[in-house]
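Student: I would like to learn how to read a sheet from its strand pairings. Could you take me through it step by step?

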Amino acid sequence: FNDNVNISNSTSLASISDSDQITIMGWIYLNINPTDWMGIINRGHEFGILTEGDSRGLSMSVPINGVRQKIDSNTSNSEMVGKWTHTAFTYNGLTGDAKMYFNGKLNVSTILAVGNIDTNMTTHLYIGDNDGIGNGVESHSWNGSIDEVAIFNRTLNASEIQKIYQYGAGIYKKNHTFSTL
């Protein structure tokens, strides 16, 4: 708890900026049902995956044409407490199609604005916090574990997400924690 990864700007992350497609995924383990938002994978205030607190579940935000666009999951945080959950978010800026997957299955699909993802290239990418704002504050730093984060500069399809989930499911479904590996 209170640990995070700060990834400074790099050429490999530059492909996120002004791209019209993205997939963000990873395995998350939530220790508690949060009462406030907690950052999972974030770059600036407008871009990232976070818990919304209480029963509201996960959300993903992307800035499109200067306006924050958001997709909310149909799964409450309490359903993810105490177990590993594979999460994936896709956005296709050509169509506005945004999808969120849990454990390889489509959770929610919606249409957001069409356009490129606007990311501030001066901000770092944080895993386990929200742009460093949490600074160890319990309510904003991730309280759990995060593993195998992957960011693609294209929209993975449902079959690809399912295969990635299945590849790791045997390991994570045993509910191992890092202290027991």
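Student: Which residue in β10 is the bridge partner of I41?

Tutor: In general, the strands of a sheet pair through backbone hydrogen bonds, either parallel or antiparallel. In this structure, which is a predicted model, I41 has I127 as its bridge partner in β10, and this belongs to the antiparallel pairing of β3 (residues 38-43) with β10 (residues 125-127), which runs over two bridges.

Student: What is the order of the strands in the open sheet?

Tutor: The six strands are arranged as β1-β10-β3-β4-β5-β6, with antiparallel pairing. Because β1 (5-7) and β6 (67-72) each have a single partner strand, they stand at the edges, and one side of each is left without a neighbour in the sheet. From one strand to the next, the twist averages 20 degrees.

Student: Over how many bridges does β5 pair with β4, and over how many with β6?

Tutor: With β4 (residues 47-51) the antiparallel pairing extends over four bridges, and G48 stands opposite S61 in β5. With β6 there are six bridges, again antiparallel, and here I64 stands opposite V67. The strands β5 and β6 form a hairpin with two residues between them, and N65 in the turn has a positive phi of about 50 degrees.

Student: Why is β5 described as largely enclosed by the rest of the structure?

Tutor: Buried means under 20% relative accessible area, and seven of the seven residues of β5 (residues 58-64) are buried, so the strand is largely enclosed. L58, M60, V62 and I64 point one way, whereas S59, S61 and P63 point the other way, and all are buried.

Conventions. Residues are numbered from 1 along each chain as its sequence is written. This is a predicted model: local features need pLDDT of at least 70, side-chain atom pairs count only at pLDDT 80 or more; totals for chains, interfaces and linings use all residues. Side-chain values use heavy atoms; hydrogens and water are left out. Two strands pair if DSSP finds at least two bridges between them. Axes are lines fitted to C-alpha atoms, for helices over the stretch in contact, and angles run from 0 to 180 degrees between N-to-C directions. Buried means under 20% relative accessible area, exposed over 50%, partly exposed in between (1.4 Å probe, protein chains only).
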